[in-house]
Amino acid sequence: QVQLVESGGGLVQAGGSLRLSCAASGLTFNSYTMAWFRQAPGKEREFVAAIRWSGHSTYYAESVKDRFTISRDNAKNTVYLQMNSLKSEDSAVYYCAADSSDGFDARLSQLEEYDYWGQGTQVTVSS
C-alpha cells in the first residue's frame with residue numbers, strides 16, 4: 001500500500017520560511033518523479049514544483065521560482081520543499097504527489113500525470 005505523508009506545515013509570517021517533507025512508503029521511491037501541488041480555498045489545485053527520480057532535474061511554477069526549492073533524499077524515501085520569502089498568496093494546503101511514468105516535462109504540471117497523492121499539510125502565511 002502506497003502512502004505519502006506530508007509534514008512541516010504551519011503558520012508563518014510573510015517573509016518567513018518553512019520546509020515541507022513528504023515521506024513515501026510502499027513504492028520504489030527512486031523510480032518516481034515527485035511533485036508538490038497546492039490548493040487554496042475556492043481555487044483549483046495547482047502545480048508548485050517537481051523533481052525527477054535522480055534529483056538532477058527540477059521544475060517550478062513561475063509564481064514560486066527563485067523562492068522555493070524542491071529536493072529529495074532517495075535513501076530516506078523523502079521529498080522536500082524549502083519555501084523562502086513566503087507571501088500571503090502562498091497560503092494553501094500543500095500536497096505531495098508521485099508519478100511512475102517519467103513523463104514529458106510539459107506533463108509534470110498536470111494533476112492527472114500523478115498516480116499517488118498525500119493528504120496534504122496546511123501552510124498559512126500571515127501578512
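These questions and answers walk through a predicted model of one chain.

User: What radius of gyration does the chain have, and what would a compact globule have?
Analyst: The C-alpha atoms fill a box of roughly 40 × 25 × 25 Å along the principal axes. With 127 residues, a compact globule would have a radius of gyration near 14 Å. The chain agrees with that, at 13 Å.

User: What share of the contacts with a separation of 6 or more joins residues 24 or more positions apart?
Analyst: Contact here means heavy atoms within 4.5 Å. Among contacts with a separation of 6 or more, residues 24 or more positions apart account for 59%.

User: What percentage of the residues is buried?
Analyst: Buried means under 20% relative accessible area. Of the 127 residues in the chain, the buried share is 43%.

User: How much of the accessible surface belongs to carbon and sulfur atoms?
Analyst: The chain's accessible surface comes to about 6500 Å². The carbon and sulfur share of that surface is 44%.

User: How far apart are the centres of the positive and negative side chains?
Analyst: The chain has 11 positive side chains and 14 negative ones. The centres of these two sets lie apart by 5 Å.

User: Is Asp90 buried or exposed?
Analyst: Asp90 lies in the loop between strand S8 (78-83) and strand S9 (92-99). Its relative accessible area is 0%. The cut-off for buried is under 20%, so Asp90 is buried.

User: Which backbone nitrogen does the side chain of Asp90 reach?
Analyst: Beyond its neighbours within four places in sequence, Asp90 is in contact with Arg38, Arg67, Phe68, Ser85, Val123 and Val125. Its side chain also reaches a backbone nitrogen at 2.8 Å. That nitrogen belongs to Lys87.

User: What is phi of Ser85?
Analyst: Ser85 sits in the loop between S8 and S9. It counts as partly exposed, at 41% relative accessibility. Its phi is positive, in a residue other than glycine, with a value near 50°.

User: Where does Asp66 lie, and what is its phi?
Analyst: Asp66 is in the loop between strand S6 (58-60) and strand S7 (68-73). The residue is exposed, with a relative accessible area of 80%. Phi is positive although Asp66 is not glycine, and lies near 75°.

User: Which residues does Gln1 touch, not counting those up to four places away in sequence?
Analyst: Gln1 is found in the segment before strand S1 (3-7). At 83% relative accessibility, Gln1 counts as exposed. With those up to four places away in sequence left out, Gln1 touches Ser25 and Gly26.

User: Is Val12 buried or exposed, and which residues does Val12 touch?
Analyst: Val12 lies in strand S2 (residues 10-13). Its relative accessible area is 12%, so Val12 is buried. Not counting residues up to four places away in sequence, Val12 touches Ser17, Leu18, Leu86, Thr124, Val125 and Ser126.

User: How far apart in space are Val12 and Ser88?
Analyst: Val12 and Ser88 are 76 residues apart in sequence. C-alpha to C-alpha, the distance is 9.5 Å.

Key. Residues are numbered from 1 along each chain as its sequence is written. This is a predicted model: local features need pLDDT of at least 70, side-chain atom pairs count only at pLDDT 80 or more; totals for chains, interfaces and linings use all residues. Side-chain values use heavy atoms; hydrogens and water are left out. The radius of gyration is taken over C-alpha atoms; the globule rule is 2.2 Å times the number of residues to the power 0.38. Buried means under 20% relative accessible area, exposed over 50%, partly exposed in between (1.4 Å probe, protein chains only). Accessible areas come from the Shrake-Rupley method with a 1.4 Å probe; for residues, only the protein chains shown count as cover. Lys and Arg count as positive and Asp and Glu as negative; His and the chain ends are not counted. The place of a charge is taken as NZ of Lys, CZ of Arg, CG of Asp or CD of Glu. Helices (H or I, at least four residues) and strands (E, at least two) are DSSP runs, numbered from the N terminus. A polar contact is a pair of N or O atoms within 3.5 Å; within protein, one must be able to donate a hydrogen and the other to accept it, and residues adjacent in sequence count only if both atoms are side-chain atoms.
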